[in-house]
Amino acid sequence: MGSTFSVPIELQLQQQAFRLAAPAQGVTTEYVIREVLLGVTICFAQIPESVAFAFMANIKPPIALHAAWIVGFICSAFGGRPGMVNGATGAFAAIVGTFIPPAGTGNNGPGVELLFPSVMLAGLLMMVVSVTKLSRFITLLPSPVMLGFCNGLAIVIGNAQLHPFTNPETHHWKEGAEMIWMLVICFSSMAVMEFLPKIPLKVFKVIPSSLLAIITAIVIEFAIVRNTGSRTDTIRDVSEFTVETAFPIPFFVSTDDAVSYELGNILTGSGISQIIVQGIFLCLVGSIESLMTAEVVESFTKEPGDGDRTVLAMGVGNVISGFLGGMGGNAMIGLSTVNCLNGGKGRLGPCVTAVGIMACVMGAYPLLNFIPVAALAGIMLVVVLHTFKWFTIPMVLAALLPKFLREKLSLQRKVPRVDAIVIIVVTILCKWPAGTNIAIAVGVGVAICSMSYAWNSADTLRGLQMCAGGPVQGCP
């Protein structure tokens with residue numbers, strides 16, 4: 001009586017699906033209001049981030065924004081982790097930026113046409129990961145590799161924010177009044193985004209700080225800078241949003257107004273090779289970051305998720321995104337954390353975010369053209385400060401420094417030296433030397449941890465064999 005075998009298996013599956021789809025407290029008016037407000041708030045935070053990620057990936061902003069709402073909606077509506085925000089991410093942009101050379105801020109770099117089949121291939125590989133239930137192996141990813149992943153990603157994103165401050169023709173730093181005003185806008189945006197939410201007023205808890213940072217930057221640019229006879233670049237100057245870019249179209253369809261791609265490069269030997277390698281890297285990085293984010297969200301919501309379903313939805317989203325000329329994407333750990341910290345647990349909020357981005361790109365795109373590029377750099381630098389795991393610095397120092405220096409510097413949090421080395425190696429390989437990227441860094445980190453584990457296991461086995469051969473001091 002009370003045994004689960006007395007309940008039909010179909011009913012058990014329906015109950016499990018309902019637990020994954022519905023918030024713990026049920027669909028109430030309070031839940032709907034909170035989710036909708038959170039969705040709108042995160043929408044205005046995600047738009048400037050997506051544009052900045054486009055600049056980082058050396059592609060035009062509409063390619064990232066269309067990916068943000070396509071991937072975001074599919075993953076939010078059908079994925080296995082309610083409460084998680086998805087879209088164009090820094091991890092994807094970091095990989096894409098290593099395959100597409102820069103052609104000036106806001107322009108598509110050479111070989112951009114290879115991006116879209118790469119994203120579709122990544123989506124198909126994600127479906128394979130889901131079907132074969134490989135998502136469970138995320139639990140085997142060592143903590144030092146995860147920490148190095150976050151630190152390296154922060155460095156890659158931070159380095160990409162320096163490009164708007166250089167002259168696209170000379171590649172030297174900008175000078176004069178333009179550079180000064182860009183720094184003013186950048187630091188003002190950083191200050192507003194970082195410190196305004198800490199003011200104990202409810203209005204600053206409701207309105208996203210990134211939106212306030214954008215508004216502040218626009219006011220400085222058009223009320224102060226341009227009235228002094230100077231100016232800085234806005235999105236209109238580097239990559240204007242137009243009615244031609246408002247709607248996604250298949251990447252192989254050419255129009256009179258929209259930019260057409262060199263599709264002939266796709267079927268060349270080098271093109272196919274790049275598509276395969278880029279697709280594998282995007283699948284690897286996207287799956288790792290999404291499953292990591294799902295674990296973070298689960299720690300907040302205390303509700304189980306479905307990793308295989310999460311990766312499956314992400315795969316479908318990337319296939320559709322690539323087909324429609326988007327850069328693809330995955331889970332966004334920063335915005336997902338913001339969503340959960342403010343009580344977001346269901347699918348409604350992230351779905352509202354995706355629909356909001358779609359509405360802005362298709363209907364309110366003229367407003368996006370007024371955003372100063374320096375403001376986007378400031379917003380992303382704040383993201384960098386929160387992405388980098390600063391506690392790893394004293395932790396690594398404590399592992400590498402001798403004991404008398406640790407005591408002198410009061411460094412008590414010591415980890416094994418091999419873990420500290422893995423953190424450093426993964427962090428560096430994310431950016432240096434040329435040709436490496438986040439996916440390669442993760443692979444190298446896992447290899448080092450595997451060799452360390454094998455070495456320690458061999459020592460343990462040798463000790464057990466010595467104990468079994470006769471009485472040895474120290475053996476039980």
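Analyst: This is a predicted model. Buried residues make up 48% of the 476 residues in the chain. The secondary structure comes to 20 helices and 2 strands. Along the principal axes, the C-alpha trace spans about 90 × 65 × 60 Å. Take the contacts in the chain with a separation of 6 or more: 81% of them join residues 24 or more positions apart.

Helix H2 covers residues 29-56, and helix H14 covers residues 348-363. Their axes come within 7 Å and cross at roughly 45 degrees. That angle makes H2 oblique to H14. The crossing of the two is right-handed. On the H2 side, the contact is made by Tyr31, Val32, Glu35, Val36, Leu38, Gly39, Val40, Ile42, Cys43, Phe44, Gln46 and Ile47. H14 contributes Leu348, Gly349, Pro350, Val352, Thr353, Gly356, Ile357 and Cys360. By class, the residues of this contact divide into 14 nonpolar, 5 polar and 1 charged.

The second pair is H9 with H16. Helix H16 spans residues 373-387, and its axis lies 9 Å from that of H9. The packing angle is about 150 degrees. An angle over 145 degrees counts as roughly antiparallel, and H9 and H16 are therefore roughly antiparallel to each other. The crossing of H9 and H16 is right-handed. From H9, the contact takes in Ser210, Ala213, Ile214 and Ala217. From H16 come Ala375, Leu376 and Ile379. This contact of H9 with H16 has 6 nonpolar residues, 1 polar residue and no charged residues.

Ser230 sits in the loop between helix H9 (209-225) and helix H10 (235-239). Is Ser230 buried or exposed? Its relative accessible area is 17%, and buried means under 20%, so Ser230 is buried. Leaving aside residues up to four places away in sequence, Ser230 touches Ala177, Trp181 and Val225.

The H2 and H14 contact includes 1 charged residue, and the H9 and H16 contact has no charged residues.

Terms used: Residues are numbered from 1 along each chain as its sequence is written. This is a predicted model: local features need pLDDT of at least 70, side-chain atom pairs count only at pLDDT 80 or more; totals for chains, interfaces and linings use all residues. Side-chain values use heavy atoms; hydrogens and water are left out. Axes are lines fitted to C-alpha atoms, for helices over the stretch in contact, and angles run from 0 to 180 degrees between N-to-C directions. Helices (H or I, at least four residues) and strands (E, at least two) are DSSP runs, numbered from the N terminus. Angles under 35 degrees count as roughly parallel, over 145 as roughly antiparallel, 65 to 115 as roughly perpendicular and the rest as oblique. A crossing is left-handed if the near helix is turned anticlockwise from the far one by less than a right angle, and right-handed if clockwise. Contact means heavy atoms within 4.5 Å. Ala, Val, Leu, Ile, Met, Phe, Trp, Tyr, Cys and Pro count as nonpolar, Asp, Glu, Lys and Arg as charged, and the others, Gly among them, as polar. Buried means under 20% relative accessible area, exposed over 50%, partly exposed in between (1.4 Å probe, protein chains only).
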